[in-house]
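Good morning, and thank you for making time for this presentation.

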Amino acid sequence: MNTIRNYINAMFSSLPKTPEILRLQAEMMENMEDKYHDLIREGKSEHEAVGIILADIGSAENLKAELGITDTEPQEDHSAFLTQRAAFQRKFAVAIASGVVLCICAIIAGAVSDTFTHNDAYTCFAFFIPIAAAVAIFVYFGIRESWYENRYKEIYHEAEPESKGFSDAIAAIIFPLAVVIYLILGFVFDLWHPGWIIFPICGLIVAAVEAYEKLKTRQ
């Protein structure tokens, strides 16, 4: 009888552990046990009874076909990723707002420094430090957001429309912003000469993001 029990347990081991399947397993175990004892009472030997019952039970494939169950790959649980993505999206919104505030603070800090110190070096320092922090925030959180979006599309097999990539998106934002900053530096603070350096800095930032994208693609 242990042979029959082990066979039934092994046959159901590859099936989903739903209440219906577990109930069916228990019923089959009980029915086969009753049939085993009936065969023994009819004069069959233990080996004959086991052979008859195993033949009646069939294979796991036959059982799956009767239940309408097809072999599928187990689905990976992505709930942890979705939780992390939702938490990051909240941080992303705060980070972008913080970057915008830093850009505003940079203009205010530069104006205050120019008014009270009349020192170009101090004015540049007061202006570029918040701007540098804002750019760092935009780049870091933008890269993380791009990773989460790509991972989400990979998991759920969403069709990914053709896009220019994150580096081009950064360029579309950062270069117009650089023009505005350069004009403010020139017209408000008369910093045309040192102000032009913002353009090569922006170019280096976009190049760094583009290089990072290519590295991630190769990996």
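Let me begin with a definition: a residue is called buried under 20% relative accessible area, exposed over 50%, and partly exposed in between, with a 1.4 Å probe and protein chains only. The model is predicted, so local features need pLDDT of at least 70 and side-chain atom pairs count only at pLDDT 80 or more, while totals for chains, interfaces and linings use all residues. Residues are numbered from 1 along each chain as its sequence is written, and side-chain values use heavy atoms, with hydrogens and water left out.

With that definition, F141 is buried, at a relative accessible area of 18%. F88 is buried too, at 8% relative accessibility. Over the protein, buried residues make up 30% of the 219 residues.

I turn now to the overall architecture. Helices (DSSP runs of H or I, at least four residues) and strands (runs of E, at least two) are numbered from the N terminus. The protein has nine helices and zero strands, and its elements run α-α-α-α-α-α-α-α-α from the N terminus on. Contact here means heavy atoms within 4.5 Å. Of the contacts in the protein with a separation of 6 or more, 67% are between residues 24 or more positions apart.

How do helices α2 and α3 cross? The axes of α2 (residues 19-41) and α3 (residues 46-57) come within 9 Å and cross at roughly 140°. These axes are lines fitted to C-alpha atoms, for helices over the stretch in contact, and the angles run from 0 to 180 degrees between N-to-C directions. The crossing of α2 and α3 is right-handed; a crossing has that hand if the near helix is turned clockwise from the far one by less than a right angle, and is left-handed if the turn is anticlockwise. On the α2 side, the contact is made by M28, M32, K35, Y36, L39 and I40, and on the α3 side by E46, A49, V50, I52, I53, D56 and I57. The residues of this contact divide into 10 nonpolar, no polar and three charged. In that division Ala, Val, Leu, Ile, Met, Phe, Trp, Tyr, Cys and Pro count as nonpolar, Asp, Glu, Lys and Arg as charged, and the others, Gly among them, as polar.

Two further residues of α2 deserve mention. Q25 lies in helix α2 and is buried, with a relative accessible area of 15%. Beyond its neighbours within four places in sequence, Q25 is in contact with I8, N9 and F12. D38, also placed in helix α2, is partly exposed at 35%.

I come now to the aromatic rings. Rings of Phe, Tyr and Trp (its six-membered ring) pair if their centres lie within 6.5 Å; planes under 30 degrees apart count as stacked, over 60 as edge-to-face and the rest as tilted. By this rule there are five aromatic pairs. Why is the pair of F88 and F141 stacked? Their ring centres are 6.0 Å apart and their planes are at 20°, so the pair falls in that class. F88 belongs to helix α5 (residues 79-116) and F141 to helix α6 (residues 120-156), so placed that the pair links distant parts of the chain, 53 residues apart.

W147 and Y148 form an edge-to-face pair, at 5.0 Å centre to centre and 80° between the planes. W147 is partly exposed, at 37%, whereas Y148 is buried, at 7%. Ring pairs link F88, F92, Y140, F141, W147 and Y148 into a cluster. R144 lies over the face of W147, at 5.4 Å from the ring centre; the rule requires NZ of Lys or CZ of Arg within 6 Å of the ring centre and within 35 degrees of the ring normal.

Two alanines complete the account. A97, in helix α5, is partly exposed at 43%, and its C-alpha atom is 9.9 Å from that of F138, 41 residues away along the chain. A121, in helix α6, is exposed at 52%; A121 and P194 are 10.0 Å apart, C-alpha to C-alpha, and 73 residues apart in sequence.
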